Amino acid sequence: MTDQICPCRQTSDDKRAYKDCCAPYIEQDQPAPTAEALMRSRYSAFAVENIDYLERTLAPEARHDFDRKAIAHWARQSQWVGLDILSTEDGKAGDKSGYVEFIAHFVSEGERMAHRERSLFRFDDADGRWYFVEEANRKNAPIVKGQQPGRNDPCPCGSGKKYKKCCGAAA
């Protein structure tokens, strides 16, 4: 994987290798310098199925409902095909927080899908690291392109919950 294009760069003109892009954060525990870099590395962590990194980069106050089994299942059952960063707001060196809006592209059960989200990140001065806090716009459910699940269908995020109790609850 190290010489291949980084999963977070597959849909952009920037074709950096994984080893030069997200691997230092995921595999060598280097702190991501910006909220966007952390967002990109978290997407890549899904693609390389590094669930430990996803949990480690989640803000401590948000870890109470981290479902390792469901996240691992989603990562393993999906083919991650690219990430589009739509916008960033703050999240640079010296900032205390930042937002990243993105579309994560993946294939699930043979169908191409996209998950759109605006995420909140915060910087922790104590350890010099950015953390993912939460989806910042809960009233707008993630956009999943393709066949839409019914209220009682399993949630396409892989949580194991019904859609109405998971991603559909935000609608």
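The model is predicted, so local features require pLDDT of at least 70 and side-chain atom pairs pLDDT 80 or more, whereas totals for chains, interfaces and linings use all residues. Residues are numbered from 1 along each chain as its sequence is written, and side-chain values use heavy atoms, without hydrogens and water.

**The sheet.** Select the strands (DSSP runs of E, at least two residues; helices are runs of H or I, at least four residues; both are numbered from the N terminus). An open, antiparallel sheet is formed by 4 strands in the order S1-S2-S3-S4. S1 and S4 (129–135) stand at the edges, each with a single partner strand, so one side of each lacks a neighbour in the sheet. Two strands pair if DSSP finds at least two bridges between them; S3 (residues 111–124) and S4 pair over 6 bridges. Select Phe-121 next: its bridge partner in S4 is Phe-132.

**The histidine.** Finally, select His-105 in strand S2. His-105 counts as buried because its relative accessibility is 12%. Its side chain makes a polar contact of 2.7 Å with that of Asp-84; such a contact is a pair of N or O atoms within 3.5 Å, and within protein one must be able to donate a hydrogen and the other to accept it, while residues adjacent in sequence count only if both atoms are side-chain atoms.

Key: Buried means under 20% relative accessible area, exposed over 50%, partly exposed in between (1.4 Å probe, protein chains only).
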